[in-house]
Amino acid sequence: MVMGKQGAALLAVIFASALVGLAAGGNFYEECDATWEPQNCWAYDDGNRLSLALVSNSSGSMIRSKKQFVYGTVSTMIQLVPGDSAGTVTTYYTSSLGDNHDEIDYEFLGNVTGQPYTIHTNVYADGVGNKEMQFKPWFDPTADYHNYTISWAPCMIVWYIDGVPVRAFRNYEASHGVAFPTSQPMYAYSSIWAAEDWATQGGRVKADWSKAPFVASYHGIDLDVCECYVGGCIAGCAAGFGGSGRYCGLSAAQVGKMQWVQSNYRIYDYCADPKRWINGQKPVECDLAQY
């Protein structure tokens with residue numbers, strides 16, 4: 001396991017009431033399988049901790065949850081690759097199977113020593129994404145573990161860091177025709193892999209393979225999900241995670257913290273990038289409230 005320095009200042013004063021260090025206590029032995037390059041993946045501490053290694057440009061590693069689900073909250077704590085991590089991508093995401101898949105992303109794009117990671121988020125529905133939002137961290141993600149959570153409900157998706165919402169994407173499929181993942185069971189994944197052609201400064205900076213292996217460390221995984229493997233369970237899962245309204249809104253305090261993050265640390269938003277718009281038309285959801 002690669003360990004960084006402890007005790008870095010994590011958040012600004014505005015986050016004093018946030019759930020910093022929110023525990024993610026599931027066991028990797030019980031919850032996950034290694035699905036790619038298992039020789040580069042090892043669990044320890046009775047399965048409570050896990051490391052994923054990238055050893056070459058074609059040999060990283062991936063784990064996948066044993067549970068397949070429709071709606072829920074998935075959470076883990078990650079200590080990203082320290083030092084020169086250029087050309088590497090560490091991930092935590094949910095995804096269904098097949099070409100026209102649904103997916104909700106956290107991707108952590110490495111950088112040269114002393115330069116910040118890029119925290120990349122995206123959502124796909126029926127194989128179509130192009131809804132990227134990126135942030136620079138307000139903390140050192142390599143010095144200690146930080147909690148990353150994806151909350152997926154019928155009404156909205158929310159991305160959290162240390163209990164603080166950083167992005168929300170509301171379901172406007174029925175009212176405005178905006179594609180939203182509602183019908184395909186997903187798994188939770190974590191991985192590390194090489195993306196030298198685009199990950200760091202647009203691909204200008206490549207990985208320094210003399211510093212391999214690049215190791216990302218995980219502590220616990222919590223899956224508060226509605227297990228679902230076939231279409232017949234989707235309606236029941238929707239009722240459980242949407243009917244009560246528990247997952248369908250943010251408090252005023254949460255909205256304030258999210259706005260603070262986006263005002264100070266958001267570095268890319270597809271809604272503000274006309275070059276990405278189809279036929280020059282701003283995506284309809286960009287002018288609708290997301291929380």
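The chat below covers the fold totals and then the cysteines.

Q: What kind of model is this?
A: It is a predicted model.

Q: How many helices and strands in the protein chain?
A: The chain has 4 helices and 15 strands.

Q: And what share of the residues is buried?
A: Buried residues are 55% of the 291 in the chain.

Q: What about contacts across the sequence?
A: Take contacts with a separation of 6 or more: 70% of them are between residues 24 or more positions apart.

Q: How much accessible surface does the chain have?
A: About 12200 Å². Carbon and sulfur atoms contribute 51% of that.

Q: On to sulfur. How many disulfides?
A: The structure holds 4.

Q: What pattern do they follow?
A: Counting bonded cysteines along the chain, the pattern is 1-6, 2-5, 3-4, 7-8.

Q: Which cysteine does Cys155 pair with?
A: Cys155 is joined to Cys248, S to S 1.9 Å. The link is left-handed, with -95 degrees about the S-S bond.

Q: Is Cys155 buried or exposed?
A: Cys155 is buried, at a relative accessible area of 15%. The cut-off for buried is under 20%.

Q: Next, what is Cys226 bonded to?
A: Cys237, with S to S at 2.0 Å. This one is left-handed too, at -75 degrees about the S-S bond. Cys226 lies in strand β14 (residues 214-227) and Cys237 in helix α3, 11 residues apart. Both cysteines are buried.

Q: And Cys228?
A: A disulfide joins Cys228 to Cys233, S to S 1.7 Å.

Q: Left-handed or right-handed?
A: The torsion about the S-S bond of Cys228 and Cys233 is about 95 degrees, so that disulfide is right-handed. Cys228 is buried, with a relative accessible area of 1%.

Q: What about Cys32?
A: Cys32 is in no disulfide. The nearest cysteine sulfur belongs to Cys41, 8.7 Å away.

Conventions: Residues are numbered from 1 along each chain as its sequence is written. This is a predicted model: local features need pLDDT of at least 70, side-chain atom pairs count only at pLDDT 80 or more; totals for chains, interfaces and linings use all residues. Side-chain values use heavy atoms; hydrogens and water are left out. Helices (H or I, at least four residues) and strands (E, at least two) are DSSP runs, numbered from the N terminus. Buried means under 20% relative accessible area, exposed over 50%, partly exposed in between (1.4 Å probe, protein chains only). Contact means heavy atoms within 4.5 Å. Accessible areas come from the Shrake-Rupley method with a 1.4 Å probe; for residues, only the protein chains shown count as cover. A disulfide is a pair of cysteine sulfur atoms within 2.5 Å.
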